[in-house]
Structure formats: structure tokens, C-alpha cells
Amino acid sequence: MRLWSWLRTVTGFVFRRSRIEREMDEELRSHLELRAEDLEQQGLSEREAERQARVEFGGYQRYKEECREALGTRLLQELCQDIRYGLRQLRRNPGFTIVAVLTLALGIGANTAIFSVVYAALIRPLPYSEPGRLVSITEQWPHLGVSGLSFIPSPEYVDFRDRNRAFEGLAGYGGGVTLNLTGIDEPEHIEGVRVTATFFPLVGVQPFLGRAFLPDEDRSGGPRVVVLSNGLWQRHFGSDTRIIGRSITLGDAKWTVIGVMPPSFRFPDQRKADVLMPIDLLNSSSWYAAKDDLRMIHVLGRLRPHVTVAQAASDLNRILRESASNVPPIYARMREGMKLSVTPLYDKLLGRMQTALWTLFGAVVFVLLIACVNVANLQLARAASRQREVAVRAALGAGRKRVARQLMTESVLLASLGGAAGVLLAFAGVHSLRALGPHDIRGLESAGIQGPALVFALLIALLTGVLFGLAPVVAASEIDLSEALKESAPAAHAGHGRRLRAVLVMVEMALALALMTGSGLLMRSLMLLTDVDLGFSPGQLLTLRIPLPENRYSKPAAQAAFFSQVLDRVKALPGVASVAAGGGLPMMGYGGLAGLVLGGHPEPPPGMAPDTPYTVVSPGYFRTLGITLVAGREFSESDREGAPEVAIVNQTLARRYFPNQNRLGRTIKIRGQWRTIVGVIHDVKQESLDQNAAPQLFAPFLQSPDSEMVLAIRTTLSRPLSLAAAVRRQVQLIDKDQPVYDVATMETRLSDWLAPHRFSAFLVGLFAALALVLAAVGVYGLMSYSVAERTREFGIRLALGARPQEVLSGVVGQGLKLALIGVAIGIAGALALTRFLASLLFGVKPTDPLTFIAVSLILIAVALAACYIPACRAAKVDPMVALRYE
């Protein structure tokens, strides 16, 4: 109640201040008038009675202060006075105010913009019910060199679901299915995910229209029902609420729509899910006997309250051990040494992006610190000129705390103005980040300057105000009042203030060097990545996917015939230099994996042959992609069904399995077929630029057709994408219901892969450039102030015979000394901090000496340039003018 009463008083004071002040005046005046009347009745004249009453009453203002204190509003009153005074001070010094506000705006704005992205990607809770209890279950196969395998066999999922003690529930989902949506104006290739019926209650999200799957719908032979994503529902069905119960055609089969997901729904692993379909794994009560049903699925779990991930993992491994005697012998051998891990879903989703975003956030915090140091330096320079003002206020009775509060209020006011300007900059910054950022950053599209970002901006504005406000407060506390009141006061503590400013500049240099070093390492890493030998030629190459529906093209001969027709038609289009098809393309993944058996070697037990990336390709595949043939020949039209089975391998596979041998003519067995190696190709970067090429083998698609192929079209057109429409028409002339999707040039795919690296390097580089400018301004400001402060000294030295070059070198040497000390501190700091960048680097070590040396030289050169202008000014001082200085 007391707090409420005080708040009510304070609120009343704020909004009814004039009236309260007027009432206090009237109250005090009435006391004076009553006493004056008494004195008049005692025989004094009216004027003498008033004077005597005032003498007896004492200090009028003192009583008002006591009244305010009794009301609990004195502090607020003083704060209002400080704010008004601080605003007047800032208005009287527009140059200082503008520079300080802009400096802070850059720091606060950049921090707010990056925070909004970090909040959206890393801090904002996942859009599921109690997401902190959602986990992903993975397998570790140390004896096979496999860690973090996100698939587990379906029988184990059922075992875990039925026998665990640590989870409220488990749900499984497949690796994704691609389907053709037909029966609409324009057939579209869409992506779906098969899930168990437990998926919806597990994540705590239900369809906003219709219903989720019933328990008996996720079984083999169950009803063909489907839940649509909100995007697909709007795009193709016009947001028709009568969609529930209607049939749609997916992959040449009829499916009944039973629900539509809400707009905010995102699949837990961020994959595209146009439709959700029931999975058909739960059809056997004897899981381990059903070897054919050993399908691999992803598994999510919801922990029981107060159960840790370690306890959950222990529980699952217990089940694994107990079921060891029930599994088939083949799988038992594979399971030796296997362990299950439980990972919070949040950690699994963010993965490597956490490091990149926290690195960006760390970089921008460095910028803010440098901005604070700069403003603190400005404040110190300004405080030196205000020593007499502070001394006068102290002499009139203001205590050191009162003076410190006034100075701190001015700093917080300055930071608040900088924060307001920073928020405006942050709006533009977030817009740019959304436009430039890679699309795979979770939540980037919804990042914005909303409540959390505004609160963050307010907090860092207050924090920075307090941080750089400490410098003038400390300086004011050192003032000798008697010296400050003398005429020469401004110089009385020049030495102490100069030393403090010098320390701040060294800190600024050290921070800038650490940030620039990190930026330099990321940029070198990006340059090395862009210079990687791809093993193929990405220019003028258009790529697209064509998935055939399994029902209509179930036979290999039909698949081969369809793609042969497509290749023939596309080859005849104007502007097409060559065309090929493959189960996969560089930067688009492999076609699949196959167990590899070497001819002339003992055949390993079933399931134990090493999995090797395997791709079926059409004749002309390597020529179209610009892949160099190292030995042998390419596939030809004669490599078709009925001809001898052949294969082509890459250099890595040839070196690993056939060292120092002639690889041509050797035999290998893949997918049950013995094939003869007829060619060896140069290694190709297949999935990423920062990993070495894996062993890879190729087979002619006319011998092993696939239902989904990727077309690679080498064109002579300046805009390869302009060819896409003509290719789509040719495909639909063969089959009008056959969609084409994932159309992009190879250069775009490379650019997309590099986007996260480019994004991090660009932003950290931008912040490093900003830090460099701020550091240069800091050095320039310090040296300029130092020169102005020592103008009289320079004039006397020049009058006594000192040469201007000596003065110039002295000033430059002073700045150089600060820069060298700052660089030395910065190198030590950078050595400690850059190790956190190791996971983001490619081809360069966190302690790369070339980067450290280059960055140090750049920073020293900039510092020297910043010193040179004030030094020239010092060398040109007119002794006569200088002697009249001050």
C-alpha cells in the first residue's frame, strides 16, 4: 500500500506539478501572512511585520524542499531539473551533440538490427507447445565412423515408443516424398512428409481447418488422407473452406483432404512440407522379423517433466540393450557399438548457424564498445572545459554525488538520443538483412524491430549512457576546486585527463584490431572458398528436376524412354549447346548410395559393404558439365540394357580402392550388378565446397533408369533461365501432367551455397570498416585536442628555435606510440577470440600470421594518417599567436 501511495503521489506530481507547487506556495504564504498579522496586532508597522515574519520563518525554498522530500518527490524534482539542464547543455554544443549522437546511433542501430535477427533465429521460442521438452533422437555408429545419424530403423521407433519411461510421447516422420499435384490448371511438383498419427499431439499443433490423423490411419493400407499446408491451400484451392472431404490427385492417386495447417506452422526440421501424409510403418507386431520393413525414419520425442536429455538417452540405450537378442543377425552385427543420443530440437535446428549469428552479434558489440570509447573521449575533452562550471557548482553547495548525477544524466540523455536515432537506422538495417541474408536462417523472414528489439535498444542505450558517462564522472571527481577556480584552471588537470583519454584510445585500437582480424580471417576464408577447384564448369548451365510419378512410370523401360525423349527434344531447342541428365548434379547432391564390392576381393557380409555415392547419368553428362575425363571413355548410347554393365569412377575412388593400379577394366559390384570400369573422371565438388571429394561412381541411366532425373543444359544464351519455359513446354508435350521444378542456373546454386559465408564475411567486414573509421576518428580527436591544449607549448618551442619537423615528428610519434600499444593489446585479444571462429573458416587457421600482420599494418597506417593532420597543425603554429593563446 505504501508503494501504491508513493506511486500515486509521484504520478500526481508529474501530471499536476504546477498545481502542487502553487498549493505549496499558497500554504507557505498563508503562514507568513498570519504571522505578519499577529505582529501587526502587537504594534509593528505592516512593512516591519512582514519583514519580521520572513526572518522568523527562515528559508522559503528550504521549506519547499522539505515539503517535496516529505512527498517523496524531491529526487524526481531534481531529476527533472537535471534533464532540463542537460538538454540545455546539449543544445548549446550542437557540434558535440551531433557527433556523439551519430556515433552512438551507428553502434546502437547496428546492435539492434543484428539482435532482431538473433532473436528471430536463436532466442524466439519454436512455434510448438512447450518446445523446450522437444528432442530429436539420433544414432551414433562409432565402429562405422558415423556420428549423429538422424534416421533410426522403424522397428526401434516402435520399441522405444512402447517401452520408454522418459518420454510423454514419440513421433516419427519419413525423409520426405515428392509428388505431382495434378487435376489443376498447372500441374505442380510438391513436397510432402509422411508422419505418424502421434506427430500432431507431440508438437502441440493441430490443423486450423478439419482434423489431424486418427490413430488407425497411420498403418499400411490405411485410408489415403492428407493434411494441406496453408500455403498450398491458398495457392491452389483459393482458401476454400469447403476443401475438407474433397479429393485431390497426388502422384496419379486420389487423396482425401482432412485438414489444413495454420499459416504459422513450420515443420520441425524446417523442411518444405506442402502436404502431410500418414506413414505406413505400423503394420507388424513382430518388428524384427519383418526385415523388409526395416525402413529408416526420423524420430522426435517429448520429454516428461523434469527428465533430462541424459536420462532420456540412458532410457533408450537400456531398451536397445534389452532388445539385442530379438533383432536379426545381420542387423545385430551392425548394431554392435551403436549408441543413441538425445538432442534438444532447438540445438538440432540451429546447428552451425548459432556460431555464425553469435559471431555477428559479438562483432557488432565490439562496434558499440568502440563507439562508447569514442563518446567517452569526447565527454572527457568536454569535461576539461567544464571544470570551472563544476567547481562553481560545488562551491555553491552542490555535493559530488549531485554533480556526478548531473553528468550521468547528461550522458544518459545523449545515449537516449543516440538510441532513438539508432532504432531508425535499425529499421533500415533489418530490411537490408532480410534482403541480403541467406534464406536458410530460421526466422529471418519474420525478423523486425518489434517489442523485444525495442526493449533491447532501450537497455543498451541506458547501458551505454552509464558506461561512457563514467569517464566524465571520474574526471569530475578528481577536480581540485581551489585550482579549478583559478584563471588557469582548464590546464590544472590536463595531464590526468590526457592520460585517461590516451588509455581509451589504446582500448579503442585494441578492439578495432580484434574485430578487423576476425573480419580478415572470414574474408580470406571466403576468397579461398570461391577459388576452390569445382571440377566442373558452372557457367551457362541451366539445371532443373523432373520427377516421374511411380504409378505411371513404374517400369525402368518407361522411365528410360521418357527421359530419352526429353533429351532429344531439348537438344533440338535453339540456344542449347548440349544437354544431359543425371540422378544428381554437382551442388545438388548424389543420386543415392550403394554398397560397393570390389572384384577379386572377398565379398563382405550382407549390409557391411561400404556405402558409396552412386549416380546414374546419360551419355554426354561429363561433357555437358565440363568434367574432365582422366582416363578411359564416357558413356555412349550403346551402354544400354542388354549391353555389358559398365561404370565410371572418380579419382578419389580410384586412388582409395585401386592404388597404383590400372583402374580401367577392373570390376565392381553395386546394387547386385557386376560392372566394368570404363573411365575415370576428375574429382568434383558434389555437395559442398569446403569438403574433400568423396569416392563416387557413375552408371549409365539406360542400364539403370531412375524415376527422378536432373537435367543439365549447357546453353549459348546470355540468360540461361530464359530457356526454362521452352524446356517445360517440351516436357509437357510428352506428358501434359508432368511438372518441372527446382529450376536454377548452376551459378545461382553456387551463389546460394556461398550465401551464408558471404553474409557473415560481408557483415563482419562492414563492422570492421566501421570500427576502423571510429578508431581513426578517436585517434584524430585525441591528437587534435592534445595539439590545441599544447598550442602555447608548441609556440614557445618554435620561438626558441625548434624546427617544425621536430614538432611534427613529436606529435606523430606520440600517436604512433599509442597505436603500437593498442595493436599489441589487440593482437593478444584477437589470439584469444579468433579461435571461436575456427568452425567458420576454410583453408585458413585462426592464428593466420598473414592476416594478423596485414590488419596490424592497416590499423597503424590509418592511425598515422589520423595523427598527421593535427601534427601539421602543430608544426605551423605562429609563436606570436601561441603566446597570446588562452
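Glu-645 is partly exposed, with a relative accessible area of 23%; buried means under 20%, exposed over 50% and partly exposed in between, using a 1.4 Å probe and protein chains only. This is a predicted model, in which local features need pLDDT of at least 70, side-chain atom pairs count only at pLDDT 80 or more, and totals for chains, interfaces and linings use all residues. Residues are numbered from 1 along each chain as its sequence is written, and side-chain values use heavy atoms, with hydrogens and water left out.

Glu-645 forms a salt bridge with Arg-675, their closest N and O atoms being 3.0 Å apart. A salt bridge here is a side-chain nitrogen of Lys or Arg within 4 Å of a carboxyl oxygen of Asp or Glu. Glu-645 sits in the loop between strands S18 (629-632) and S19 (646-650), and Arg-675 in strand S21 (residues 673-681), so the pair ties together parts that are 30 residues apart in sequence. Arg-675 counts as buried, at 2% relative accessibility. Helices (H or I, at least four residues) and strands (E, at least two) are DSSP runs, numbered from the N terminus.

## Other salt bridges

The structure holds 25 salt bridges. One of them joins Arg-545 and Glu-708, with 3.7 Å between the closest N and O atoms. Arg-545 belongs to strand S14 (residues 541-547) and Glu-708 to strand S23 (residues 708-715), so this pair ties together parts that are 163 residues apart in sequence. Both Arg-545 and Glu-708 are buried.

Within helix H3 (residues 46-57), Arg-51 and Glu-48 lie three residues apart, about one turn of the helix. Their side chains meet in a salt bridge (2.6 Å, N to O). Arg-51 is partly exposed at 42% relative accessibility, and Glu-48 is partly exposed at 27%. Elsewhere, a network of salt bridges links Asp-159, Arg-163, Asp-315, Arg-318 and Glu-322.

## A nonpolar patch

Now to the surface. Leu-369, Val-466, Leu-467, Leu-470 and Val-474 form a nonpolar patch there, with about 370 Å² of accessible area together. Patches are made of residues with over 30% relative accessible area and no salt bridge, like charges being joined within 9 Å and nonpolar side chains (Val, Leu, Ile, Met, Phe, Trp, Tyr) within 5 Å. Accessible areas come from the Shrake-Rupley method with a 1.4 Å probe, and for residues only the protein chains shown count as cover.

Helix H16 (residues 451-477) gives the most to this patch, with four residues. Leu-369 is found in helix H13 (residues 353-385), and is partly exposed with a relative accessible area of 33%.
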